[in-house]
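The stops below are meant to be selected in order.

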Amino acid sequence: MGKIPSVEEIKNYLEAFENASRDNHVIRGSSIEEIAMKRKLTLPLMSACEQINADPEKIWKLCKKFAQFSHAPIKLNEYVRMTSFAQEECIVDTVLKTLETYHPSEQHTSADFGFDIIGYYYCIALISQSDYRIEDCKNRLHEICRFYIQNPSNSIDVLKRNMSVLKNKRPYLREYEEYLELENSSEED
């Protein structure tokens with residue numbers, strides 16, 4: 001899998017993988033490319049990439065990076081993994097386009113295999129650190145905060161952690177952290 005897969009190739013791979021999984025219960029190792037193909041965020045990212053004519057090589061590199069992670073970012077050094085990607089205009093454009101429609105629903109939980117919670121929070125970390133289209137990034141972060149306030153879940157803590165960890169580097173994130181704290185505390189009252 002040295003080449004960048006198209007959206008159609010990813011769909012075909014996922015279909016073949018699901019069919020094989022039903023018939024064969026043998027566990028085997030996977031390459032980073034195979035893991036990236038299976039991640040639920042890869043298809044939406046590559047689809048958004050196609051829609052806006054972004055560089056698929058850069059988006060595929062991001063997808064492979066996400067495939068290396070086993071949990072959402074926790075410490076500053078994990079958030080910083082997105083810094084170089086946050087400087088790439090086509091990556092920020094693609095992530096913003098993806099996040100317009102890719103978000104957890106009431107049915108998704110942290111244990112739900114239908115949603116890529118790891119990639120999702122790394123996307124949030126990415127736009128939180130971007131200087132490109134900063135107003136659009138701020139607006140998307142505000143929309144994400146509003147979504148979590150309107151649809152409370154334990155994942156709001158992961159979102160608050162993003163703001164808390166990055167606020168010294170990105171002072172405007174304090175506003176979102178305070179907004180989440182205030183709204184979340186009023187929900188508990």
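**Whole chain**

Begin with everything shown as a cartoon, and bear in mind that this is a predicted model. The chain has 11 helices and 0 strands, so colouring by secondary structure shows the order α-α-α-α-α-α-α-α-α-α-α from the N terminus on, given that helices are DSSP runs numbered from that end. Of the 189 residues in the chain, 42% are buried. Take the contacts in the chain between residues at least 6 apart in sequence: 72% of them join residues at least 24 apart.

**Helix H7**

Select residues 89-99, which form helix H7. Is this helix enclosed by the rest of the structure, or open? Largely enclosed, because 9 of its 11 residues are buried. Show side chains for the buried set in H7: Cys90, Ile91, Val92, Asp93, Thr94, Val95, Leu96, Thr98 and Leu99. Next, colour the elements that cover these buried residues, which include H3 (42-51), H4 (56-67), H6 (83-86), H8 (117-128) and H9 (134-150).

**Where H4 meets H7**

Hide the other helices and keep H4 and H7. Two packed helices are described by the angle between their axes and the distance between the axes. For H4 and H7, the axes come within 9 Å and cross at roughly 65°. H4 is therefore roughly perpendicular to H7. Which residues make the contact? From H4 they are Lys58, Ile59 and Leu62, and from H7 they are Cys90, Ile91, Thr94 and Val95. The crossing of H4 past H7 is right-handed.

**Threonine 94**

Stay in helix H7 and centre on threonine 94. Its relative accessibility is 0%, so threonine 94 counts as buried. Draw a distance from a polar atom of the threonine 94 side chain to the backbone oxygen of cysteine 90: the value is 2.7 Å. What does threonine 94 touch, once residues up to four places away in sequence are set aside? Select Leu45, Ala48, Cys49, Ile52, Ala54 and Ile59 to see these contacts.

**Isoleucine 144**

Bring back helix H9 and pick isoleucine 144 in it. Isoleucine 144 has 6% relative accessibility and so counts as buried. Not counting residues up to four places away in sequence, isoleucine 144 touches Leu99, Tyr120, Ile124 and Leu159. Leu99 was in the buried set of H7.

**Cysteine 145**

Move to cysteine 145, also a residue of helix H9. Buried or exposed? With a relative accessible area of 0%, cysteine 145 is buried. Leaving aside neighbours within four places in sequence, show what cysteine 145 is in contact with: Leu159, Met163, Tyr176, Tyr179 and Leu180. Leu159 was listed among the contacts of isoleucine 144 too. To finish, select glutamate 177 and draw the C-alpha to C-alpha distance to cysteine 145. The two residues are 32 apart in sequence and 9.0 Å apart in space.

Methods
Residues numbered from 1 in each chain as written. Predicted model: local features only at pLDDT ≥ 70, side-chain atom pairs only at ≥ 80, totals over all residues. Heavy atoms only, no water. Buried < 20%, exposed > 50% of the residue type's maximum accessible area, 1.4 Å probe, protein only. Helix = DSSP H or I, 4+ residues; strand = E, 2+ residues; numbered from the N terminus. Contact = heavy atoms within 4.5 Å. Polar contact = N/O pair within 3.5 Å; in protein donor to acceptor, adjacent residues only side chain to side chain. Axes fitted to C-alpha atoms, helices over the stretch in contact; angles between N-to-C directions. Parallel < 35°, antiparallel > 145°, perpendicular 65-115°, else oblique. Left-handed = near helix turned anticlockwise from the far one by under 90°.
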